[in-house]
Amino acid sequence: NPVQTNAVAAKFRLMNYTAPAGWSHQVFGDGVVFKPLGLPADEHLAIQIMEPLNFSGTLEQVMAKSFEEATAMYKGTSMSQSYGAFSKNAPQKSFAGWEYIRGKGGILVENGTDYKTEMGLEVFVIKINNRFERVAILESRKYCGGVSRYYATDRINYRNDIEHLLFSLQFSDFNATVLKS
């Protein structure tokens, strides 16, 4: 059952996180799902901590594999785009010292009609020692009159909650000395 959170600190495998206040929080055997409580009824936004992946590849390779896994997890298909299934940022390093990469793209999800629902999928991959931690964000894409479209995370409060969750993650097996200026 979903539980409303008030910035609850918790752990999944070796990942320590603080659930965003005002979001529901569900723990499953293979992940954790967060959803904002104030989201309009006709929209969807969910953050899912995925099962970690032990893999000997690069961040870019794990990003591609994770995007494909998340697409399948949501019973979707990748949308055809000129730059591939998703766009990705260059690998970066967090203030805590871990390496990460982000990718985002559109997927089509079955909805029981002849037309699939277009959704946005963002995947965040973090390299910790010899394992990769992964977070997927699935969001609806709505039309606001004419051809103007927006994603649920275009609302600044949701984007801020997501960024705070992602960049406050800690890992019980990761220690790094971060120089502060």
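## Briefing: strands, ring pairs and a buried glutamate

Among the elements of the chain, strand 6 has the highest mean pLDDT (96) and strand 1 (residues 3–4) the lowest (57). Here pLDDT is the predictor's confidence in each residue, on a scale from 0 to 100. This is a predicted model, in which local features need pLDDT of at least 70 and side-chain atom pairs count only at pLDDT 80 or more, while totals for chains, interfaces and linings use all residues. Residues are numbered from 1 along each chain as its sequence is written, and side-chain values use heavy atoms, with hydrogens and water left out.

**The chain as a whole**

- The average pLDDT of the chain is 88, and 88% of the residues score at least 70.
- The chain holds 2 helices and 14 strands; these are DSSP runs numbered from the N terminus, with helices being H or I of at least four residues and strands being E of at least two.
- Of the 181 residues in the chain, 42% are buried. Buried means under 20% relative accessible area, exposed means over 50%, and partly exposed is in between, using a 1.4 Å probe and protein chains only.
- Among contacts in the chain with a separation of 6 or more, 53% are between residues 24 or more positions apart; contact means heavy atoms within 4.5 Å.

- Strand 6 (residues 45–54) is largely enclosed by the rest of the structure, because 7 of its 10 residues are buried.
- Two strands pair if DSSP finds at least two bridges between them.
- Ile 49 stands opposite Val 135 in strand 12.
- Strand 5 (residues 31–36) is also antiparallel to strand 6, with 3 bridges joining them. Phe 34 has Ile 47 in strand 6 as its bridge partner.

- An open sheet of 3 strands has the order 2-3-14, and its pairing is antiparallel. Its edge strands are strand 2 (9–12) and strand 14 (170–171), each of which pairs on one side only.
- Strand 3 (residues 15–18) and strand 14 are joined by 2 bridges. Look for Asn 16, whose bridge partner in strand 14 is Gln 170.

**Glu 139 and Lys 104**

- Glu 139 lies in strand 12 (residues 131–143) and counts as buried, with a relative accessible area of 0%.
- The side chains of Glu 139 and Lys 104 make a polar contact at 3.1 Å. A polar contact is a pair of N or O atoms within 3.5 Å; within protein, one must be able to donate a hydrogen and the other to accept it, and residues adjacent in sequence count only if both atoms are side-chain atoms.
- Leaving aside neighbours within four places in sequence, Glu 139 is in contact with residues including His 44, Leu 45, Met 119 and Tyr 151.
- Lys 104 lies over the face of Tyr 151, at 4.8 Å from the ring centre. A charge sits over a ring if NZ of Lys or CZ of Arg is within 6 Å of the ring centre and within 35 degrees of the ring normal.

**Aromatic pairs**

- Rings of Phe, Tyr and Trp (its six-membered ring) pair if their centres lie within 6.5 Å; planes under 30 degrees apart count as stacked, over 60 as edge-to-face and the rest as tilted. By this rule there are 10 aromatic pairs.
- Trp 23 and Tyr 158 are edge-to-face, because their ring centres are 6.1 Å apart and their planes stand at 85 degrees. This pair links distant parts of the chain, 135 residues apart: Trp 23 is in strand 4 (residues 23–28) and Tyr 158 in helix 2 (residues 156–167).
- Trp 23 is buried at 1% relative accessibility, and Tyr 158 is buried at 7%.
- Trp 98 and Phe 124 also form an edge-to-face pair, 6.2 Å centre to centre with 85 degrees between the planes. Trp 98 lies in the loop between strand 9 (92–93) and strand 10 (99–109) and Phe 124 in strand 11 (residues 117–128), so the pair ties together parts 26 residues apart in sequence.
- Ring pairs link Trp 98, Tyr 100, Phe 124, Phe 167 and Phe 171 into a cluster.

**Glu 110 in a loop**

- Glu 110 is found in the loop between strand 10 and strand 11, and its side chain makes a polar contact with that of Lys 116 (3.5 Å).
- The C-alpha atoms of Glu 110 and Tyr 74 are separated by 9.0 Å, with the two residues 36 apart along the chain.
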